[in-house]
Amino acid sequence: MGSYIPAAKREREKLLGGLGMTSAEELFAAVPPECRIGTMNLPPPLSEPELRRELEALAADNKAPLFIGAGLYDHYIPAAVDALCSLPEFVTAYTPYQPEISQGTLTAIFEFQTAICRLTGLDAANASMYDAATAASEAMLMSAAQTKRKHVIVTAATHPHIKETLRTYARFNGLTVSEAPFDGRGQAALDTAPHGAACVIAQSPNFFGVIEPMRGISAWASGAGAVPVAVCDPLSLGILESPGEMGFAIAVGECQPLGSPVSFGGPHAGYLAAKESFLRRLPGRIAGETGEVGGGKRGFVLTLQAREQHIRREKATSNICSNAALSALRATVYLALLGPEGLRETAALCAQKAAYLRAKLQETGIKPLFDASYFREFAVDTVLDGAAALENPRGSLIAVTEKRTKAEMDAFTALALSQKKGVSI
Amino acid sequence: MTVYEKSAAGRRGFIPEPCDVPAAALGAIVGEENLRKTPAALPEMSEIDTVRHYTALAKKNFGVDTGFYPLGSCTMKYNPKINEQLASLPGFLSAHPFAPDEMNRGCLRLMAELERMLCAICGMEAFSLQPAAGAHGELTGLMCMAAYFAKQGQSHRNVILIPDSAHGTNPASAAQAGFSVRAVPSGRDGLVDPATLREAAEAAGGALVGLMLTNPNTLGLFEKNIMEVAGIIHGAGGLLYYDGANLNAVMGVTSPGAMGFDVMHLNLHKTFSAPHGGGGPGAGPVGAGKLLAPFLPGGGQDSIGRVRAYRGSFGVLVRAYCYIRALGASGLREASESAVLNANWLLNRLSGAYDAPYGERCMHEFVLSAAAMKEQTGVSAMDIAKGLIDKGFHPPTVYFPTIVPESLMTEPTETESPETLEAFAAAMLSLAEDAKRNPEALHSAPVTTPVGRLDATAAARQPIIKSR
């Protein structure tokens with residue numbers, strides 16, 4: 001109840017009086033009667049305790065899955081990430097338009113860009129995107145602008161939501177999208193060369209958890225003059241070779257695994273990194289280092305703004321304005337806490353625990369769908385409760401983060417076994 | 001210093017738990033050929049030093065919790081603490097969009113109810129909660145318009161009209177949706193002139209897609225001819241897009257639906273009190289009337305399809321839901337009344353010392369010009385902005401809208417007390433005096449901040465965008 005308005009009613013009346021008005025209605029004199037509305041049909045206002053009760057009931061009516069991933073993963077979040085990313089000066093600031101009072105956000109963006117460049121092995125990263133799907137879509141548009149080509153290839157085992165988002169963006173930009181199918185091992189089949197393609201977009205680990213032959217894919221794309229675009233989970237890059245090292249010109253991905261809760265799918269941050277040659281085609285905010293006018297202290301500003309919508313309007317490289325600064329900050333703090341060793345250990349734990357559960361399930365006769373290398377997730381031939389359902393091929397997708405214990409995995413195996421028996425009877 | 005410069009080899013800020021299963025060789029799982037040869041050079045930091053580093057960075061920021069933040073068109077209202085707590089309830093944070101619906105009943109109910117409430121506020125038929133920010137919502141809404149015309153067999157329609165006072169995202173989104181942009185010059189009164197609009201619509205002819213409009217517009221003026229404007233566009237076979245960035249002025253007074261708009265977006269991180277986080281994440285739900293509802297993301301066969309992964313910026317949706325539930329219909333109307341009241345009161349105090357090119361009444365924001373001041377004293381809008389920083393305020397939006405020279409676009413919001421408004425007014429008036437008496441001092445402001453004015457030109461000339 002109340003509107004978070006500090007002024008008491010009589011104070012507001014006094015302000016109105018100062019304007020020579022007697023009623024708030026007079027403030028809206030410019031709004032013609034033809035478009036006036038009556039009372040909005042909303043539920044009655046709630047006090048804070050009532051609101052808390054209602055929301056606690058809603059939150060309690062959800063149940064967290066243990067082995068569902070499919071792009072969003074239940075990793076441990078160090079307490080310091082929450083503590084630091086809840087600091088009100090980070091949370092309640094706007095885009096850093098006034099650099100002198102935004103050095104906190106600007107320095108953190110600069111650190112995020114550095115971390116993403118180092119993880120991906122690429123030259124330039126922006127301040128963040130909404131998510132991996134929109135980052136991939138922007139990479140597609142960058143590639144089309146660079147190559148002047150209108151066709152885009154995406155590997156079929158890429159996350160279905162990324163593929164669907166690509167198709168939406170493509171449709172309205174006069175681009176077409178086709179898929180490079182996957183083979184019996186769950187990896188992209190690189191048969192006909194992608195002649196005439198603006199880019200080849202390949203996710204690894206892919207939607208099935210399988211690690212793609214990324215060097216082969218980048219060579220396949222580059223050989224036909226297509227921009228090789230990787231979609232990579234940044235946490236996996238703790239142990240997996242970087243997309244830059246494997247020949248990709250652009251890398252995008254979802255930063256959720258780096259310190260953000262699953263939160264029913266958002267908000268998270270996407271990242272976008274590219275080779276130097278794409279610098280002036282990058283979408284969105286970029287923080288850059290500079291000094292005080294006339295020399296003096298070092299500081300950070302938003303830079304290369306001539307690419308952006310507030311300057312270039314319809315000629316901007318993208319329409320993106322607000323991105324996902326606070327989620328990117330979570331990734332930045334997470335990476336600072338874990339460091340190279342912590343990230344490597346966490347990624348290794350995921351792979352090892354996934355291998356444990358995969359083998360346990362296999363002992364019960366639940367077979368992996370694919371025998372290629374994998375990272376933290378794998379597909380099996382049986383539909384199992386508590387795992388993400390796969391339709392084509394039919395089965396389940398099982399994710400194992402470092403948070404899952406042996407006891408949880410053994411219990412899941414026992415449950416899976418009982419379900420399998422139930423199916424075969 | 002950045003965290004990379006503070007890094008010291010061997011330091012650890014977090015140690016993962018030991019492996020409780022027999023650990024297989026990594027190469028056997030992920031493939032030897034896929035193993036990373038050189039670890040990424042991430043910072044090596046202790047926990048305490050990480051905490052101090054980011055705490056120190058936070059102190060170099062200015063947020064709504066720090067002080068008055070009248071950044072025009074950004075609606076920097078108070079972000080209620082209760083909303084932060086409730087969005088972080090474990091039952092929300094651990095819910096997974098790929099779990100079966102029966103495991104997500106609470107989240108799904110919240111989203112359905114939020115959609116319904118947004119429809120009630122905006123006079124729309126349906127909402128999609130997918131878009132991740134305002135510009136993303138614009139793009140989504142414009143794609144719905146394009147899909148509608150494609151379905152009507154009118155794919156040749158590709159010209160969209162946008163007033164020259166519009167947010168930069170409007171034309172950028174239109175271009176990304178595949179449209180060709182024609183700017184419509186604002187009339188002398190700062191409004192869309194029906195006659196000019198009619199000419200522009202006629203010039204576009206059968207290629208007209210429609211009009212994107214913010215109402216009240218970025219000058220803080222209500223487009224009082226809106227019904228006529230809507231009639232002109234609809235009469236020419238076009239559609240109306242509503243940029244919801246300024247909805248905070250009119251909740252419970254009018255609605256985009258009542259004004260004749262066909263499709264729109266909201267910025268839940270503006271009007272509905274979710275924090276901005278230093279540049280997102282936000283949420284930009286898109287609403288549509290009967291005509292365009294079938295084309296929204298997540299709909300049936302006419303849907304444009306998905307515009308992002310999963311179902312939306314759920315955590316931001318929770319905050320907006322909490323805000324609407326706390327205020328109800330009366331509270332939202334009261335918020336708009338107070339936002340407009342505060343803006344008018346400030347405009348009244350400041351016009352005189354600053355030029356108010358569009359008169360002495362406004363909606364939730366207003367634009368002042370320091371053009372005459374610059375002419376007479378050499379002190380620019382930027383100087384005033386930097387001077388305000390030294391007085392403890394976040395400056396208004398400067399140099400936007402571009403149709404006003406040396407503009408200071410000021411939006412106080414409803415969540416500010418009379419004392420705060422008065423203190424800001426006093427600061428602005430004293431800066432106007434300083435401009436006459438001591439302009440040099442203002443050119444070198446700010447002097448109280450961690451850094452002084454930074455050289456943006458040098459930054460763009462030789463970009464350094466990562467730590468060496």
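In which helix of chain B does B:Glu113 lie?

Tutor: B:Glu113 lies in helix 6 of chain B, which covers residues 105-122. Helices here are DSSP runs of H or I with at least four residues, strands are runs of E with at least two, and both are numbered from the N terminus. Before we go on: this is a predicted model, where local features need pLDDT of at least 70, side-chain atom pairs count only at pLDDT 80 or more, and totals for chains, interfaces and linings use all residues. Residues count from 1 along each chain as its sequence is written, while chains are lettered from A and ligands numbered from 1 in the order written.

Back to our glutamate. B:Glu113 counts as partly exposed because it has 15 C-beta neighbours inside 10 Å (20 or more would be buried, 12 or fewer exposed, with C-beta atoms placed from the backbone). Now find B:Tyr321: its C-alpha is 8.3 Å from that of B:Glu113, although 208 residues separate the two in sequence.

Staying in chain B, look at helix 9 and helix 10. B:Pro194, B:Leu197, B:Arg198 and B:Ala201 of helix 9 meet B:Glu228, B:Val229, B:Ile232 and B:Ile233 of helix 10; contact means C-beta atoms, placed from the backbone, within 7 Å. That set splits into 6 nonpolar residues, no polar ones and 2 charged ones (Ala, Val, Leu, Ile, Met, Phe, Trp, Tyr, Cys and Pro are nonpolar, Asp, Glu, Lys and Arg charged, and the others, Gly among them, polar).

Chain B also has an open sheet of 3 strands, in the order 8-10-9 with antiparallel pairing. Strand 8 (366-369) and strand 9 (397-398) each have a single partner strand, so these edge strands are left without a neighbour on one side.

Next, zoom out to where the chains meet. On the chain B side, 171 residues are in contact with 168 residues of chain A. Helix 11 (residues 314-350) of chain B gives the most to chain B's side, with 22 residues. Sorted by type, chain B's side has 98 nonpolar, 49 polar and 24 charged residues.

What about the partner? Chain A has 11 helices and 12 strands, and its C-alpha atoms fill a box of roughly 80 × 55 × 50 Å along the principal axes. Of its 425 residues, 63% count as buried. Among contacts in chain A with a separation of 6 or more, 70% join residues 24 or more positions apart.

One hairpin in chain A is worth a look. Strand 8 (residues 287-291) and strand 9 of chain A run antiparallel, paired over 5 bridges, with A:Ala287 opposite A:Leu302 in strand 9. This hairpin has 6 residues between the strands, and A:Gly294 takes a positive phi near 80° in it. Strand 9 (residues 298-302) of chain A is largely enclosed by the rest of the structure, because 4 of its 5 residues are buried.

Note on methods:
Two residues are in contact if their C-beta atoms, placed from the backbone, lie within 7 Å. Two strands pair if DSSP finds at least two bridges between them.
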